[in-house]
Amino acid sequence: MARNRTDKGANARPGRWRNRRRRRGNRRPGPPGPYTLLPWLLMGLGSFSNLFQGEAPNPWLGGLGLLTFNSLYVSVVFRGFHKKKRESPVTYWLLAAMATVTFALAIGYGGSWLLFFPLLSLACGTVLRHRQLAAGLLSLAVVATLVAVWRGNGGSDPWTIGYGTFISGAVTAAILTLAETVMELRATRQELARTAVEKERLRFSRDLHDLLGHTLSVIVVKSEAARRLAPRDMNAALTQVADIESVGRQALTEIREAVTGYREGSLATELDRARSALTAAGIEPVLRRSGPPLAPQAEALLGWVVREAVTNVVRHSHATTCSFVVDGNAERVRLTVTDDGRGPGAPATPGIGGTGLTGLTERLAATGGSLRAGPGPQGGFVLTAELPAEIPAELPVKLPADMPADVPDEAASGAATDPPRARER
């Protein structure tokens, strides 16, 4: 047993190493850090060699200047990789001190000490941006060339120093700017992904609230009607039970549509369901409709409003009548739902503060519409929804052709094979 356990551990160890290597291979390369600019300090080995071999006058002064330059270079480079520190006045003072030391060493010693100009340009590339960078690099390249010519190095060396000074800072700034842009794009993409997930969660929660709230309310009302009718009229009770079955099957289809993001809204279908639910609850429905035909998106939104309004009327109103008025023109369409369930002295049903009405208000506002709800002037409760007649196709309205295996085929037809209006008659 011990040997088997040991063999198992030995076999699992290479697998862990392979997983680690795979994770490292999938890891994205990050932006360059300040440590990538530290090896460039090796360009100062020539000046250090002059001090060590005694070829430079005043070696103690030169050594102090070399130590000061290296310290300032490290400090400026590390501060340049943090945005807040880079834009701090302290960083610019350190860069100015570094430039002063560079000019002093280059003018005083010349030769290999002129290579401090490209190092100063590297530091400028980490700190300066945009116009400051262009002006600083051009000025620094010109000054480096003039100092090299004044020191009398001759040949092409002065121009090489000037070109190296300019290109060092320009390439450094370009790489760092590109890296910052890539990091900002990654952060923006993550934020967009997070926003999309939150938006989809909100949509899904709204759909489930509207679907299940209305469906369960209809099932409860029809169940109570079947229970009351069963002792007196079994056929009428069986009709209510058939309605419950049809509503349940339709709910399966609608929940599947909400999950997959497809909603096929029909105002006429929702009004038929509203008439059936209100009739079963003992409320007389009244419907008046005028105006031109509506776009599918407008019908879908108004269908949600009808669904939520009927749910609230059945649950809270204790009304005897409920009217639906749909009117509009080529630009705007309006739906008004009025019930007589609340008297002037009775407390009003919660309006826009309700969860369902709040979601509908946000939906309509996103399309340029509005939703108002509150007590009517003559009692009761009034809900008014307005929206543009033409709405961009934000939600797909076509039902997918493939039906999941766990939903019966007759669920796709729902009320089509047994319409609520026909059953009521």
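Ser-168 is buried, with a relative accessible area of 18%; buried stands for under 20% relative accessible area, exposed for over 50% and partly exposed for values in between, calculated with a 1.4 Å probe on protein chains only. The structure is a predicted model, in which local features need pLDDT of at least 70 and side-chain atom pairs count only at pLDDT 80 or more, while totals for chains, interfaces and linings use all residues. Residues are numbered from 1 along each chain as its sequence is written, and side-chain values use heavy atoms, with hydrogens and water left out.

Ser-168 lies in helix H8 (residues 157-229). Helices (H or I, at least four residues) and strands (E, at least two) are DSSP runs numbered from the N terminus. Apart from neighbours within four places in sequence, Ser-168 is in contact with Pro-118, Ser-121 and Leu-122, where contact means heavy atoms within 4.5 Å. Ser-168 and Leu-137 are 31 residues apart along the chain, and their C-alpha atoms are separated by 9.2 Å.

The protein chain as a whole contains 14 helices and five strands. Of its 425 residues, 38% count as buried. Among the contacts in the chain with a separation of 6 or more, 72% are accounted for by residues 24 or more positions apart.

Several helix pairs were examined next. Two packed helices are described by the angle between their axes and the distance between the axes. The axes are lines fitted to C-alpha atoms, for helices over the stretch in contact, and the angles run from 0 to 180 degrees between N-to-C directions.

Helix H5 (residues 89-109) packs with helix H6 (residues 116-127) at an angle of about 170°, the axes being 10 Å apart. H5 is therefore roughly antiparallel to H6; angles under 35 degrees count as roughly parallel, over 145 as roughly antiparallel, 65 to 115 as roughly perpendicular and the rest as oblique. The H5 side of this contact includes Thr-91, Tyr-92, Leu-95 and Met-98, and the H6 side includes Phe-116, Phe-117, Leu-119 and Leu-120. By class, the contact of H5 with H6 has 14 nonpolar, two polar and no charged residues. In this classification Ala, Val, Leu, Ile, Met, Phe, Trp, Tyr, Cys and Pro count as nonpolar, Asp, Glu, Lys and Arg as charged, and the others, Gly among them, as polar.

H5 also packs with helix H7 (residues 130-150), at an angle of about 15° and with the axes 10 Å apart. H5 and H7 are therefore roughly parallel to each other. Their crossing is right-handed; a crossing is left-handed if the near helix is turned anticlockwise from the far one by less than a right angle, and right-handed if clockwise. Tyr-92, Phe-103, Ala-106 and Ile-107 in H5 meet Gln-132, Leu-140, Val-143, Val-147 and Trp-150 in H7. The residues of this contact divide into eight nonpolar, one polar and no charged.

The axes of helix H3 (59-80) and H6 come within 8 Å and cross at roughly 25°. H3 and H6 are therefore roughly parallel to each other, and H3 passes H6 in a left-handed crossing. Residues of H3 in this contact include Leu-66, Phe-69 and Tyr-73, and those of H6 include Leu-122, Ala-123 and Thr-126. The contact of H3 with H6 has 11 nonpolar, two polar and no charged residues.

In helix H2 (residues 45-52), Ser-47, Asn-50 and Leu-51 are buried. These residues cover an arc of only 100° around the axis, which puts them on the same side of H2; the arc is that of the directions from the helix axis to the C-beta atoms. H3 and H6 are among the elements that cover the buried residues of H2. Just after H2, Gly-54 takes a positive phi of about 75°.

Positive phi values also occur in residues other than glycine. In His-130, phi is near 60°. His-130 is found in H7 and is exposed, with a relative accessible area of 71%. His-318 has a positive phi of about 55° and is found in the loop between helix H11 (296-317) and strand E2 (321-328). His-318 counts as exposed at 69% relative accessibility.

Gly-282 is found in the loop between helix H10 (267-280) and strand E1 (284-289). At 59% relative accessibility, Gly-282 counts as exposed. Gly-282 and Val-314 are 32 residues apart in sequence and 9.4 Å apart in space, C-alpha to C-alpha.
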